[in-house]
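Visitor: I would like to go through this structure with you. Could we take the individual residues and the helix packing in turn?

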Amino acid sequence: MLINVPNADDLDEMALRLYFDAWERNITLQFEFAEFFEIHDAKLDGEHEYKGEWAEYVALAQSELGVICATIQQSAELRLKSIICCISPFLLLLNGAVPFKSSHNNNIDFSEQRTLDAVDLPNAVLTLTDFDLPRSYVEQYGAMRRLRNQITHLGSHKGGLTPYQLFKILGQQYVSLWPDGRWLFRRVKFDGNSARRFFHDERYSSVESNVMAELPYTIDVLDNSTFKKMFGVAKGKLKGFCPSCMNARASKWDAQGHATAHQTGSNTAKCAMCEREFTLQTLKKGCSECGSKTCIEDTDSYDALCFSCGHS
């Protein structure tokens, strides 16, 4: 019998883990330079006093950027396979011939069979499924596949890559392959370095705090349209503090956290990170920190905080 038949959900999870691993490594390059030189991330590819240092830094990072590219492409291939598997995993065998056995005693391992080539995956999705894969992304996929081949087969790539170029690619890839959004929720769930969760104690470290720390950079590097498709809300509306996510942050070092919620109605809100929905309350006395009278309450823990600044 045929064993180790792939599952669409498993392929999708691995695709997301690779995607966010690439995202985290790429944004760490930005973050570490910006922190060292105390320069706002949005200015790094523009005119600033450390432009020469930035160019030198990016030049030294070419090998790492190449590896990130390869990870991005591997994520895309697994996601396309996942989409095909939603119809049937056996469609992945269209390019190969499964050897038939005359005995029931010999199993055939799916993972050892020839499956659809990477170059054929986009057209296979367009032909075999109803998934609306943008043509613009098919072109990007082809360019990334060729770049990945240079890196994996030659150990190098032509031309200079920059973190900003990769952010643009990562943005288009996400909105094309995961058009339902939910980026921030998945960023936490499929953390690129999920093994570190073992050490998180929500006092000195937590996934939520790590993602909140990179959020200002994430907001800067994505254009408004891409951000709204990925997060499901416009940049300007992501300005509310979620009690659940604030409670999960590393309280010993992350004093401020970051806004992850947005209003969905006159007295309702939803967090883009944990996807919980909340009821907003109006207080008679304003917040001691910012003066806002809008309060948000976590009904599970009964902790309330200011929706505008996160003060409890």
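Visitor: To begin with glutamine 30, does it count as buried or exposed?
Guide: This is a predicted model, and every value here is computed from it. Glutamine 30 counts as buried, because its relative accessibility is 0%, under the 20% limit for that class.

Visitor: Where is glutamine 30 found?
Guide: Glutamine 30 is found in helix α1. Glutamine 30 and leucine 44 are 14 residues apart in sequence, and their C-alpha atoms are 8.2 Å apart in space.

Visitor: Staying with α1, how does it pack against α6?
Guide: Helix α6 covers residues 163–177, and its axis lies 10 Å from that of α1 at an angle of about 155 degrees. The two helices are therefore roughly antiparallel to each other, since the angle is over 145 degrees. The crossing of α1 and α6 is left-handed.

Visitor: Which residues make that contact?
Guide: On the α1 side the contact is made by Leu16, Tyr19, Phe20, Ala22, Trp23, Asn26, Ile27 and Gln30. On the α6 side the residues are Pro163, Tyr164, Leu166, Phe167, Leu170, Gly171, Gln173 and Tyr174.

Visitor: And what of α1 with α3: at what angle do they cross?
Guide: The axes of α1 and α3 cross at roughly 160 degrees and come within 8 Å. These helices are therefore roughly antiparallel to each other. α1 passes α3 in a left-handed crossing.

Visitor: What about α2: which hand does that crossing have?
Guide: α1 passes α2 in a right-handed crossing. Helix α2 comprises residues 51–60, and it packs with α1 at an angle of about 145 degrees, with the axes 12 Å apart. In this pair, Leu29, Gln30, Glu32, Phe33 and Phe37 of α1 meet Glu53, Trp54 and Tyr57 of α2.

Visitor: Turning to the largest nonpolar core, which residues touch the most other members?
Guide: The core has 85 residues, and Tyr19, Trp23, Trp183 and Phe231 touch the most other members. Helix α1, residues 8–37, supplies the largest share of this core, with twelve residues.

Visitor: What is tryptophan 183 in contact with, leaving aside its neighbours within four places in sequence?
Guide: With those neighbours left aside, tryptophan 183 is in contact with Tyr19, Phe20, Trp23, Tyr174, Glu214, Thr218, Met230 and Phe231.

Visitor: A change of topic: how many salt bridges does the structure hold?
Guide: There are eleven salt bridges in the structure. One of them joins arginine 187 and glutamate 24, with the closest N and O atoms 3.4 Å apart. This pair links distant parts of the chain, with arginine 187 in helix α7 (residues 183–189) and glutamate 24 in helix α1, 163 residues apart.

Visitor: Why does arginine 187 count as buried?
Guide: Arginine 187 counts as buried because its relative accessible area is 2%, where the class requires under 20%.

Visitor: What is the partner of arginine 186 in its salt bridge?
Guide: The partner is aspartate 180, and the closest N and O atoms are 2.8 Å apart. Arginine 186 is buried, with a relative accessible area of 9%, whereas aspartate 180 counts as partly exposed at 46% relative accessibility.

Visitor: Which residues do salt bridges with shared partners join into one network?
Guide: That network joins Glu24, Arg187, Asp191 and Glu214.

Visitor: Finally, where is the place of cysteine 274?
Guide: Cysteine 274 is in the loop between β4 (268–271) and β5 (277–282). Leaving aside neighbours within four places in sequence, cysteine 274 is in contact with Phe185, Cys242, Ser244 and Cys245. Cysteine 274 and arginine 186 are 88 residues apart in sequence, but 9.1 Å apart in space from C-alpha to C-alpha.

Technical notes: Residues numbered from 1 in each chain as written. Predicted model: local features only at pLDDT ≥ 70, side-chain atom pairs only at ≥ 80, totals over all residues. Heavy atoms only, no water. Core = buried A, V, L, I, M, F, W, Y, C linked by side-chain atoms within 4.5 Å. Buried < 20%, exposed > 50% of the residue type's maximum accessible area, 1.4 Å probe, protein only. Helix = DSSP H or I, 4+ residues; strand = E, 2+ residues; numbered from the N terminus. Contact = heavy atoms within 4.5 Å. Salt bridge = Lys/Arg side-chain N within 4 Å of Asp/Glu carboxyl O. Axes fitted to C-alpha atoms, helices over the stretch in contact; angles between N-to-C directions. Parallel < 35°, antiparallel > 145°, perpendicular 65-115°, else oblique. Left-handed = near helix turned anticlockwise from the far one by under 90°.
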